[in-house]
Structures are given as C-alpha cells and as structure tokens.
2 protein chains.
Amino acid sequence: MKILVTGGLGFIGSHTVVELQNEGFEVVIIDDLSNSSEDVLKGIQAITGKLPVFEKIDLREKSAIQDFFKKHSDVTGVIHFAASKAVGESVENPLLYYENNIGTLVYLLQQLQQKPEASFIFSSSCTVYGQAEKMPITEDAPVQTAMSPYGNTKQIGEEIITDTVKVTNICAILLRYFNPVGAHSSTEIGELPLGVPQNLVPFITQTGAGLRKELSVFGNDYSTPDGTAVRDYIHVVDIAKAHVIALQRLLNKKNLAKVETFNLGTGKGSSVLEVITSFEKVSNKKLPYKIMPRREGDVTEAYANTDKANNVLGWKAELSLDEAMASAWKWEQKIRNK
Amino acid sequence: MKILVTGGLGFIGSHTVVELQNEGFEVVIIDDLSNSSEDVLKGIQAITGKLPVFEKIDLREKSAIQDFFKKHSDVTGVIHFAASKAVGESVENPLLYYENNIGTLVYLLQQLQQKPEASFIFSSSCTVYGQAEKMPITEDAPVQTAMSPYGNTKQIGEEIITDTVKVTNICAILLRYFNPVGAHSSTEIGELPLGVPQNLVPFITQTGAGLRKELSVFGNDYSTPDGTAVRDYIHVVDIAKAHVIALQRLLNKKNLAKVETFNLGTGKGSSVLEVITSFEKVSNKKLPYKIMPRREGDVTEAYANTDKANNVLGWKAELSLDEAMASAWKWEQKIRNK
C-alpha cells in the first residue's frame with residue numbers, strides 16, 4: 001500500500017514516515033525542502049532500513065501535483081503535513097500562508113476526488129479552539145475566530161475538507177495536534193528549527209546547549225497554578241503512531257464517517273515552569289530564564305480531552321514529558337556535536 | 001488613472017466598467033469568459049464611446065497574473081469581481097470554488113503588495129450575515145457560519161484581505177451586495193445567466209418571455225407579511241456607481257481606514273410576491289408561478305441598513321424596484337429578439 005506523505009521530511013512528517021515504514025507501508029515523500037533537509041532521508045533509512053521514495057516538489061505548482069499523481073497513480077492515501085507553521089511569520093506575510101496552506105490542500109484534494117476512493121489525513125491544530133471555555137478540550141468545543149492567519153488556514157483547511165468529502169469518495173480524518181515535542185529514541189531524526197525556534201522545547205534545548213543566553217518565559221501572571229501558561233506537550237512519536245492508526249482506520253472503513261476529528265494530546269497540561277523543571281531533571285543542567293510580559297494571542301491554558309481518540313481511534317499517548325524532554329535533549333546534543 | 005476590473009465582462013463588472021469610463025477612468029478588464037461573452041465589450045463601447053482594454057486571462061494561473069502586472073505596471077487600483085457565484089454549484093464542486101475564489105484573490109493581492117500603494121475593492125455578499133437577528137442589517141452584525149462553500153469563500157476573502165492590509169500598503173473596501181438586479185437603461189448590457197437562472201429576477205423575465213413555463217416560489221410560510229422570503233433588490237447601476245465612489249474614496253485617502261466594509265442595498269425589503277407584482281405592473285403581463293417547499297439554506301429575510309454607505313461613502317441607491325424590473329424586462333426582450 002503506497003502512501004503519499006507531504007512534508008515528510010519535516011518534524012512530525014519524518015517521524016510518521018518511520019512508523020508507516022515500520023508497519024509495512026510503502027511511502028512516497030513530497031517535500032520542498034523549504035524548512036527541512038534531505039539528510040532526514042538518511043535518518044529514516046538508518047531507523048527503518050528502508051529509504052523512502054522522495055520527490056522534491058513545491059505543492060503550490062498545480063501542474064507538478066498533476067504530474068506526481070500521473071507518475072504515482074496508485075497513491076490513494078495521503079497524509080498532508082506540508083504547510084507553513086510559524087504564527088508570527090503568518091501575521092507578517094499572510095498571503096504566503098493562505099497560498100501555501102490553502103492552495104496546496106485544494107490541489108491535492110482535486111487529484112484525490114478523481115479516484116474511486118481515497119483517504120486523507122490532515123494536520124490540524126488545537127489553535128482552532130482558541131481559549132476554550134472548558135478544560136480538558138473535547139472535539140466538539142466551538143471553533144473560535146482565529147487569532148492569526150496561520151490558525152485561520154487550519155480552520156479553513158478543515159472546512160474545505162469537510163465540504164469536499166460530502167460530495168466525493170474521499171474519507172478524511174482531521175487530527176488536531178496539541179504541542180508536539182521530543183525526538184526519535186534512535187537520535188536519528190528530530191526537530192530542526194530554522195533560525196530562532198518559535199516553540200518552547202527547541203528554545204529550551206538550544207539554551208541548554210549554550211546557543212541562547214536564556215529562555216524568555218512570556219507571562220507569569222496567568223490564572224494557572226504557577227502563573228505560567230499551560231499546554232499539552234505530546235511526544236512526536238506518539239503523534240506519529242496516531243497517524244498510522246488513523247490511516248488504518250480509513251483503510252478498514254469500519255464504522256467510518258466521511259470526516260472525523262480527533263484531538264492528539266496526552267490529556268495532561270504542563271506549565272512552562274514544569275517543562276523547564278523536567279528539562280533540568282533529565283539534563284542535570286540549570287536552565288537560565290527570565291520572565292517577560294505576556295505575548296499577544298497566547299491563551300492561558302489548552303489541554304486535550306483524549307477520550308474520543310482513545311475510544312474511537314484506539315490510540316493513547318504512551319510517552320511522558322520527561323521522556324520527551326530527554327529525547328529532545330539527546331537530539332540537541334547530537335546535532336550540536338556533528 | 002488605470003484601473004483593473006477582474007470579471008469586467010460579467011453582470012456587475014460590466015455595469016461598473018461603464019460608470020468608471022463615464023467618470024474618466026482608464027479601464028483594463030480581465031475576464032476568462034467562463035460565464036460571460038466578449039460581446040459585452042461592444043455594449044460597453046456603445047454606451048461610453050470607448051472600448052476598454054481586454055485581456056483574456058484565467059486568474060488561477062499565477063504566472064499569467066504576474067505577466068499582466070509586468071505589462072500593466074501602472075495598475076495600482078483593482079476592482080475584483082471575478083469569482084464563481086452559484087451557491088448550488090459550490091455545494092456540488094467545493095474545490096472549484098475554493099480555487100477560483102480564494103486562489104485568485106491571493107495571487108492578485110501578492111502583486112499589489114509589491115507596490116508602494118494600492119487600492120482594492122472586493123465583491124462580498126450579504127450571505128456573510130446568514131439569518132441576521134436584527135433587520136435592517138448593519139455592517140457590524142456578526143458574520144455567521146457559512147451555509148455553502150460559495151458563502152464561505154466570501155467570508156474567507158474578507159479575512160484574507162483584512163489580514164493582508166494590516167501589513168501592506170494596500171487599502172481595501174469590502175462591498176457586501178444584497179440582491180443586484182436590473183440592467184443598463186440603454187439596453188446595451190445586462191445579466192446573461194448561463195443555463196437555468198439561479199436568481200429570481202432573470203427567472204422571472206425568462207418566464208415572462210416564455211422560456212420557462214412557470215416560476216417556482218420557494219416557501220410561502222415564512223414569518224413575513226405575505227409568507228414569502230424578503231430580500232433587498234438593488235439596481236445594478238446603483239451598485240456600479242457605488243464602486244466608483246468607493247474607488248474615489250480609496251484614491252482620495254481622506255479619513256480612510258486600511259479596510260472598510262459597506263452594505264450595498266436599498267434599505268427596503270421586498271417579498272418574492274412583491275417582485276412578481278412589480279414585474280406584472282411594468283410588463284403588463286401575468287406571471288405564472290407555483291408555491292414550492294422552502295429551499296434548504298434560504299433565510300427568511302435580509303435587507304440592508306444603508307446608513308454607513310450613505311454617511312461614510314456618500315452613496316445612496318436611487319433607482320426603484322419598478323425601474324429595476326422594467327430595465328430587466330426590456331433587456332430580456334432585447335436578447336430574445338436578437
């Protein structure tokens with residue numbers, strides 16, 4: 001069974017390719033290398049013993065997508081990671097985000113809707129909930145007005161898919177990620193942020209490695225136990241495994257709706273200070289940090305109710321925050337010593 | 001001053017080109033002729049004495065848009081009509097609508113944001129209000145979850161423009177049309193629906209002309225004075241003039257916000273039966289119709305509060321429903337006798 005993984009050299013994409021190959025799926029990766037490296041292929045091969053097929057394609061080129069589906073006409077399953085993902089950048093350059101994240105999605109679905117049947121998995125985000133009223137957040141919590149063009153592209157993506165599956169042979173699963181962190185236990189693949197990391201954990205590990213002077217903690221006056229913002233940090237390998245299970249669900253078609261939405265989180269919220277403490281424990285290093293004002297657009301807390309993923313998908317996060325932080329730190333040390 | 005009018009051979013587009021040329025603007029039309037005819041150019045020339053420049057371009061082709069802006073590098077004002085507009089078709093083929101209505105908008109704005117300054121007028125719709133709670137509808141009424149992919153593309157279009165103007169030199173005006181009807185008094189241009197008309201007035205005039213056996217009136221049990229649905233029918237020439245005034249406002253920059261939204265309506269609601277009565281009066285013909293069940297997605301009533309357009313834009317609809325129906329009927333007879 002041949003599966004297209006777009007953005008398959010990215011952080012979550014590469015970990016998912018590993019799990020797919022471990023489960024016997026044949027994988028074709030599309031990536032434009034705009035925020036990833038071809039070296040990731042070697043890491044995937046080192047873990048799985050198999051080099052996935054790789055096509056360097058810019059998915060904004062409609063004709064390139066058409067050519068791809070002519071060449072790989074047996075692809076009817078797509079896991080679509082390829083997208084721009086920096087909130088701040090999306091505010092500065094919204095059109096880049098609308099083009100990269102919406103245009104490419106439309107082109108991919110246009111190819112799939114021509115097939116007798118097709119399966120589609122979409123990388124959505126807990127940002128669609130905004131500051132949800134109730135914790136933990138269930139999938140039926142209302143979608144809020146997006147706080148950034150990035151968040152808006154995730155909401156619009158969900159809407160486009162929902163409208164499309166109604167009138168086509170495509171079945172889709174929307175996976176709303178909470179905060180993916182960590183790296184593969186082999187230390188062959190992990191997160192490779194370009195420039196200054198936008199996310200907490202790579203910023204912590206780079207600070208631990210001495211690349212950054214100190215970590216900025218944005219806000220310690222939130223209404224949370226220690227005053228810092230609370231998120232649901234989930235190990236990327238758990239996220240990757242959820243994609244394989246979601247794909248199997250789409251292929252088995254048992255009690256399957258045209259479109260289904262699942263939260264991918266641990267169900268447990270952790271504050272910024274708790275993440276720092278976890279890092280300090282697993283690295284045996286003191287992490288320098290300073291308290292800064294809140295950042296505009298940051299919510300107080302967001303963590304997942306995972307009942308639906310547990311019960312319907314039959315998936316559960318297995319790795320702890322300490323395990324995630326230890327793997328992220330091991331990965332950071334490896335790439336610094338290269 | 002050279003202005004690009006996309007979809008300039010369509011119904012509202014062609015009437016706007018006439019008013020722009022009457023006011024001395026130099027117009028370049030882009031149209032892909034997918035739902036219009038090149039003959040419209042002759043109609044515009046007959047009215048204004050001037051043939052606008054016409055470029056047959058499919059706006060989904062990014063490179064064609066780039067080439068256009070290289071060739072017409074002095075275009076910094078755009079009135080963007082080009083879009084697919086049939087609600088039912090959008091449900092059947094959502095991806096066509098997301099590609100035609102979102103992709104093209106992004107490509108146009110990408111060109112404009114490279115200019116030192118630029119003006120953009122967007123064709124939005126009263127569908128963004130859904131069934132508004134209060135009549136008449138003001139511009140600050142909440143935007144409701146779209147009831148069709150078509151409606152969603154209008155909402156998303158507004159969001160993309162709003163995100164973009166914040167960080168660029170583009171100023172934009174969003175015009176939310178109520179129900180444009182009628183034709184130019186010269187009978188040189190008017191509505192040219194492809195196939196079975198999706199809108200009430202062309203269906204009425206085609207029935208009057210004997211092309212359709214009878215009109216279907218969808219629902220006579222609404223909570224309105226006569227039980228049929230109420231809309232705000234506005235003469236297309238009034239709509240066209242509003243675009244010229246909006247453009248002048250953008251160019252004058254007096255008390256201008258980065259993005260402004262205006263309702264374009266008459267402020268008066270008319271029921272389906274009132275529109276039929278108006279047609280019968282101006283045509284001196286009896287119109288056969290039958291009552292059918294309500295259509296899914298139709299709202300009970302929608303008519304505009306026009307205070308903001310009156311006061312800020314300095315524009316007011318001047319033509320009556322009878323005048324609109326008379327012009328539409330005159331146009332229908334002319335195209336049938338060709």
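A salt bridge is here a side-chain nitrogen of Lys or Arg within 4 Å of a carboxyl oxygen of Asp or Glu, and one such pair joins A:K62 to B:E99, whose closest N and O atoms are 2.8 Å apart. This is a predicted model, in which local features need pLDDT of at least 70 and side-chain atom pairs count only at pLDDT 80 or more, while totals for chains, interfaces and linings use all residues. Residues are numbered from 1 along each chain as its sequence is written, chains are lettered from A and ligands numbered from 1 in the order in which they are written, and side-chain values use heavy atoms, with hydrogens and water left out.

**Interface of chain A and chain B**

- The contact, meaning heavy atoms within 4.5 Å, takes 22 residues from chain A and 22 residues from chain B.
- About 1900 Å² is buried between the two chains, 59% of it on carbon and sulfur atoms, where buried area is the accessible area (1.4 Å probe) that two parts lose on being put together, summed over both.
- On the side of chain A, the residues that lose the most area to chain B are A:L95, A:Y98 and A:E99, together 31% of what that side buries.
- Between chain A and chain B the count is two salt bridges, and there are nine residue pairs in polar contact, both residues being at pLDDT 80 or more.
- A polar contact is a pair of N or O atoms within 3.5 Å; within protein, one must be able to donate a hydrogen and the other to accept it, and residues adjacent in sequence count only if both atoms are side-chain atoms.

**Helices on the side of chain A**

- Helices α4 (87–92), α5 (94–112) and α6 (149–166) of chain A each supply at least two residues of the side that touches chain B, and α5(A) gives the most, with nine residues.
- Helices (H or I, at least four residues) and strands (E, at least two) are DSSP runs, numbered from the N terminus.

**Relation of the copies**
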